[in-house]
Amino acid sequence: MRVIGFVGGSGTGKSYRAIWVAKENNIDFIIDDGLLIKGNRVVAGQSAKKESTRIASVKRALFTDTNHAVQVKRAIKLENPDAILILGTSLRMVETIAQVLELPELSKIIYIEDVAEKEEIERAKKMRLTEGKHVIPVPTFEIQKDFSGYFIDPLRIFRRKRKDNTLVIADKSVVRPTFSYMGDYTISNQVIYTICEHEALTIASVIKMNRLWIENKPYGILVDMALTLEYGVNLYAEASKVQRKVKDALERYTALNVLSINVLVKKIQL
């Protein structure tokens, strides 16, 4: 099975262009926002756009719910596709989805900049930011039964495929999810600091968290921690435990994408 990643920031027009990218690469199946899509039909999954909060939406898109992941894995096994296109806001997100769904490693990565002009991307971002519009690459009737937001309009677009000039009909739904009109939310650095400190101190060898640095990136956060550890322990092994515990907790509680956890053992204490 070929697994292709289609990567672009939130609101850059990935879902709008997903069908064309799939056709150009001879792919019949798309994974987008928690859905397994074949042509214009939802085969399995639940749309992340139906969730009432952004955090729940992110978790749904990443298949963190075991039952959701099992349902989609079962459908993939049954359909046995030759290729799947996975959409994500970052390469890490696409790789995580492939791993959770037990798919082969990515054989190709396509970025939104490869298929859309800069002006088109900026226009899509503006529409997402000012109007809260999201596109789902399936017809309205496929998702209306369990969608929690409201529909703006359906789209039926006709376009000729570039290589053999065949006509492709793409049905899409433009929606406004609940989370796009319930206001924004912010997670302060103090919350991240508290989570990191709490998780680190659950490890017996950690005496104190001396300092924490947080750096925000477009696709996630970088965390640098300075710790005091107990004398006599394996420093590498204990630092690795801290990395894993802090990463898992941050992603579970905040739904932030953690790019790295860097641990500096600054002191040891007798």
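1. Buried residues (under 20% relative accessible area, 1.4 Å probe, protein chains only) make up 43% of the 270 residues in the protein chain. Keep in mind that this is a predicted model, where local features need pLDDT of at least 70, side-chain atom pairs count only at pLDDT 80 or more, and totals for chains, interfaces and linings use all residues. Residues are numbered from 1 along each chain as its sequence is written, and side-chain values use heavy atoms, with hydrogens and water left out.

2. Of its 21 residues, Ile31, Leu36, Ile76, Ile86, Leu101 and Leu103 touch the most other members. At least two core residues come from each of strand 1 (2-7), strand 2 (29-32), helix 3 (66-79), strand 5 (83-88) and helix 4 (91-100).

3. Leu36 deserves a look: beyond its neighbours within four places in sequence, its contacts (heavy atoms within 4.5 Å) include Phe29, Ile31, Val43, Val72 and Ile76.

4. Two backbone spots to check. Phe63, in the loop between helix 2 (54-61) and helix 3, is a non-glycine residue with a positive phi, near 60°; Phe63 is buried at 3% relative accessibility. Asn80, in the loop between helix 3 and strand 5, also isn't glycine and has a positive phi near 50°, but Asn80 is exposed (over 50%) at 57%.

Conventions. A nonpolar core is a set of buried Ala, Val, Leu, Ile, Met, Phe, Trp, Tyr and Cys residues joined through side-chain atoms within 4.5 Å. Helices (H or I, at least four residues) and strands (E, at least two) are DSSP runs, numbered from the N terminus.
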